Amino acid sequence: MREIVVCGEALVDVVATAPPTVGGAQLPPLQPALGGGPFNVAITLGRLGSAVSFCSAVSTDDYGEVIMSALRHSGVGTTLVQRRSEPTSLALATIGADGAAHYSFYVEGTADRLVADPGPFAPTVAALGFGTLSLVLEPGASVYESTMRRCHEEGRLVLCDPNIRAAVIADADAYRARFASWMNAVDVVKLSDEDAEWLGRGPNGSRPADWLEAGVCAVLVTAGADGIDVVTASGTSRIPAPRVTVADTIGAGDSIMGAILHQLDRAGALSSAAVRDLDDEQWREVARFAVKVAGITVSRPGADPPWASELGGD
């Protein structure tokens, strides 16, 4: 059996259900929801039917207990989760008129950033996904980086979604340089067009062409309602997104990341060597499946990716 491990944070999104009234005395109602990019990726994989486990540090507080329950409910293994007494991280999300989410974070002294090295993974672990705050906040970021490099050297497939949250990146140029340094240990990069633009700025900026030259096999760049660009050494293909009514975009990119991993699983391409053998049409098929999954996710509030039964014949 091939297994996927998703590494990174789980947190609680506190979503403002309406914009605040400027000059008024009333704050909008707040709706808590489980989140964190890697958590959402793991949930997506579990619901789609891949064998997946979550590698993280999760608080023993009440929010942490709910996170653990939600992982198990969606079929995600939790044996790699480390439990800690520090509190759960919080993200305050506000939703714009276009459904896009904007975040601020409360992450000082929280459990997920204090993850310890998980040690060697079982031989059945074929692929790993990394991303979001866990690649920024120390000391956990260094733990995940060393895990990423070790697993790539072992021939396991490595995917990375930087999912840039500029508000928590203290030194943007240093992070851009660090991200570029990972590219010889990453097989597939998934990111948004906004992330790609941000990473390309400044003296340490880099772009998809640089990542491919460093050894990445494919870069999948999401462009919201316009779909996904699939960038490989042979060129760029645009896969359009389905037309749906958007409730909000929370978890959209995470569900795409999970869908990519699931489709690679179905294609028998869960290794660094196997993804190098995929042709452009196979990558386009990966992207077509991913936009279908994301179309369902954005059609309902919060990060609520679909179950396999909702995808018809896919």
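Predicted model: local features only at pLDDT ≥ 70, side-chain atom pairs only at ≥ 80, totals over all residues.
H1 is mostly covered, with twelve of its twelve residues buried.

Now check the length of this helix. The twelve residues of H1 (residues 37–48) should span 16 Å at 1.5 Å a residue, and the end C-alpha atoms are 17 Å apart, which agrees. Step past the end of the helix. Glycine 49 follows H1, and its phi is positive, near 110 degrees.

**Next stop: the cores.** Select phenylalanine 54. Leaving aside neighbours within four places in sequence, its contacts include Pro38, Phe39 and Ala42. Also on its contact list are Val6, Leu71, Val76 and Leu80, among others. Phe54 is one of the residues with the most contacts inside the largest nonpolar core, along with Leu220, Leu264 and Trp283. That core has 50 residues. Which helix gives it the largest share? Select helix H9 (residues 280–298), which supplies nine residues.

**Next stop: glutamate 86.** Find the loop between strand S6 (81–84) and strand S7 (90–95); glutamate 86 is there. Show its side chain. A polar contact of 2.9 Å joins it to the side chain of arginine 84. Not counting residues up to four places away in sequence, glutamate 86 touches Ser59, Gly109, Thr110, Ala111 and Leu114.

**Next stop: the loop between S9 and H3.** Select threonine 132, which sits in this loop. Its phi is positive, near 65 degrees, in a residue other than glycine. Is threonine 132 buried or exposed? Its relative accessible area is 7%, and buried means under 20%, so threonine 132 is buried. Move along to proline 139, in the loop between strand S9 (125–131) and helix H3 (140–153). A cis peptide bond joins glutamate 138 to proline 139, with omega about 5 degrees.

**Next stop: asparagine 163.** Look in the loop between strand S10 (157–161) and helix H4 (172–182). Asparagine 163 has a positive phi, near 45 degrees. At 11% relative accessibility, asparagine 163 counts as buried.

**Last stop: aspartate 248.** Select the loop between strand S14 (235–239) and helix H7 (252–266) to find aspartate 248. This residue is buried yet has no salt bridge. Where is the nearest side chain of opposite charge? It belongs to arginine 300, 9.6 Å away. The side chain of aspartate 248 does reach the backbone nitrogen of isoleucine 250, at 3.0 Å.

Key. Residues numbered from 1 in each chain as written. Heavy atoms only, no water. Helix = DSSP H or I, 4+ residues; strand = E, 2+ residues; numbered from the N terminus. Polar contact = N/O pair within 3.5 Å; in protein donor to acceptor, adjacent residues only side chain to side chain. Contact = heavy atoms within 4.5 Å. Core = buried A, V, L, I, M, F, W, Y, C linked by side-chain atoms within 4.5 Å. Buried < 20%, exposed > 50% of the residue type's maximum accessible area, 1.4 Å probe, protein only. Expected span 1.5 Å × (residues − 1). Lys, Arg positive; Asp, Glu negative; His and termini not counted. Salt bridge = Lys/Arg side-chain N within 4 Å of Asp/Glu carboxyl O.
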